[in-house]
Amino acid sequence: MSRTDFEEEPASARQHSQPNVISLSPNAGRSAPLGATVGSGGVNFSLYSHDASGVELLLFDRDDDPRPSRVIALDPIINRTYHYWHTFVPGLKAGQIYGYRVYGAFEPNKGMRFDGAKVLLDPYGRGVAVPRNYSREAACKEGDTASTAMKSVVVDPRLYDWEGDAPLHRPSSQSVIYEMHVKGFTMHPSSGVPEGTRGTFRGVIEKISYLQDLGISAVELLPVFQFDSQDSPKGLVNYWGYAPISFFAPHQAYSSRQDRSDPVDEFRDMVKALHRAGIEVILDVVFNHTAEGGDGGPTLCFRGIDNSAYYILEPDQSRYANYAGTGNTLNANHPIVRRMIVDSLRYWVEEMHVDGFRFDLASILARDSSGRVMSSPPVLWDIESDPALAGVKLIAEAWDAAGLYQVGSFVGDSWKEWNGRFRDDVRSFLRSDNGSVSNFADRLVGSHEVYQHKEREAEQSVNFVTCHDGFTLHDLVTYNQKHNDANKEQNRDGANDNRSWNCGVEGPSNDSDVERLRNRQVKNFLTTTLISLGLPMFAMGDEARRTQYGNNNAYCLDDDSNWFDWSLPVEHADVHRFVKLLIARRVLRDVGPEQKRMTLTQLIRAGIKGWHGVKLNQPDWSDYSHSIALSVELPHQAMYVYLIFNAYWEPLEFELPRSEDGSEVSWRRWIDTFLEAPQDIGSWEEAPAVAGYSYRTGPRSVIVLWRRR
């Protein structure tokens, strides 16, 4: 039955019917699974829409065609089961481009924003085709968007040969996470990657040897779901990718091959190659909002399919709740959206073989359809209890843009958390803030104060000092103030409280003393991050002092301020070497199998032997203290480790512990950040001996000593 056989055709459908377009009588098809599913002899399509009065499936030959080659009007009797619109199209294969027109009322005060003029993506589409003339602006205005809209692509996951690959399931206690941007990693001409593959999944494959040499065990990729790069200030681009529009499709522009199904296969090639190198793949996923924005935003997918199901709306239904700070908020605990989120995660694990997820603004997933915070959010328990996700790393950014902060209290048993307290307190201590020593000490030992009530392993805390959002590590020690003028928002965007310190000069400096201090501070931050109890993470380029020229919100800049300059590991070879040796032997995590099974509380009680100041067993917890030391026992290695953190601006002499019976012992120096390379860090086994019963620490330095028991 065609559209003209409907008893009453919406005016919008008559207005936008296409001349010279073949309308096919649809087969019934099935309501499950959602999306486009390749089967024997054709493709089944299924779409959820509660309030639609009519749905058309559009088939395109090319992504920029001004009209579809075929239109299949779905009969509400034959092709609708409950609120699912479905059909089976014989003869279709993987690679077919398609979209939908969904008809219904445009009544914002009732939460409905149907617009039959707009070509819409399939929420479950596995691939996305983006025409060269894609226009976000056109999707914001009245009128047809057939030639300018993103469109979905039929993908058949059965066609790929994984060659025995599977997720690695590396224990978190053995993990070091490297947060990186797919494009930024290889886009700079200095990368040596061929021009056609720079900035792509294939480009990442070209540089895997660098990641192996560095020693990291997991890459955490900034968003790789298809996003709207035009969701940005005029004249700029959305570079980071926190503007999702498809939760199942890899971002098309990250593929070096632009045939219809190539982004999916190239992403898989990258995952398979990283796994062969022993490196896990963690995706930064954005289930808190979409690229459709607020009231004046574009109609690209969800808004035009079922607006009130997919988004949290204000009580008058005409406005979008904005807990993400981006114009809208995904209605994550609506049954349809819950299913979509879990289905997306399962797809990326089962069909794309990823190892984990970091959830952007994860606390939004705790809100109900009215925005209230739930004590037991269904979607979070759905994710946690899904057997297909068992063993997958789940990492929460446990806050949102509306002030909800759940670090230490995020719902669930298997979730790890980005520890924003670690970031803030380590920054405060190392810039010598008064009153920071107690919090700093707690962050070193797994944020016991924050997590002790959960009796969880130390790796629940993801420890980081820098990430994509904020200053790079180089800029953290180079700028007191943000410098975001390139974002064209008069420097109003980005955080104002960065707890940074420029070491005496704002911006680049030719003063050798300032440069040495900055280099030392970089090593202090890296040492603290990598030897603290917890799961460490650092950002792409921090191992080589990558700069964003003081911009702490570079989400909209697709240029060398965001790209990794591959001359930096050579220019800052001492820092690069320092990081490699740190990763090679993470002191506090080098424990036996029996300790890896301990809870955080048990590990602290078993390992840490005492806190100290310049005098043994006399730590100074006062507001004016800027140094602390601690001794740790590693029983299975018959070894003790002594750590000294001196954030004071003068040298300090620290007493060293003697053996249990008071006899003379021989301490060895592994790290002293005050010393120039290569004395700053060396081989653990060949560490030089330290004479006497005290150690003179230089100003603003970190020292790690060890001895046999």
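Predicted model: local features only at pLDDT ≥ 70, side-chain atom pairs only at ≥ 80, totals over all residues.
Two strands count as paired if DSSP finds at least two bridges between them. Strand β8 covers residues 97–103, and the largest pocket has a volume of about 1,000 Å³.

- Strand β8 is mostly covered, with 7 of its 7 residues buried.
- Ile97, Gly99, Arg101 and Tyr103 point one way from β8, while Tyr98, Tyr100 and Val102 point the other way, and all are buried.
- Strand β12 (residues 151–153) pairs with β8 in the antiparallel sense over 2 bridges, and Val153 of β12 stands opposite Ile97.
- Strand β4 (residues 54–60) also runs antiparallel to β8, joined to it by 7 bridges; Leu57 has Tyr100 in β8 as its bridge partner.

**The largest pocket**

- The volume here is about 1,000 Å³. Among the 36 residues that line the largest pocket, Trp240, Leu361, Glu397, Asp469 and Asn553 are the closest to its centre.
- Helix α10 (residues 420–430) gives the largest share of this lining, 3 residues.
- By class, the lining of the largest pocket holds 13 charged, 12 polar and 11 nonpolar residues.

**The second largest pocket**

- The second largest pocket has a volume of about 810 Å³.
- Its lining has 37 residues, and those nearest the centre are Val130, His251, Gln252, Ala253 and Gln258.
- The lining of the second largest pocket divides into 14 nonpolar, 13 polar and 10 charged residues.

Methods:
Residues numbered from 1 in each chain as written. Heavy atoms only, no water. Buried < 20%, exposed > 50% of the residue type's maximum accessible area, 1.4 Å probe, protein only. Helix = DSSP H or I, 4+ residues; strand = E, 2+ residues; numbered from the N terminus. 1 Å grid on protein atoms, 1.4 Å probe; cavity = no way out; pocket = protein on both sides within 12 Å on 5 of 7 lines; lining within 4 Å. Points joined across faces, edges and corners; volume = space filled by probe spheres on them. Nonpolar A, V, L, I, M, F, W, Y, C, P; charged D, E, K, R; others polar.
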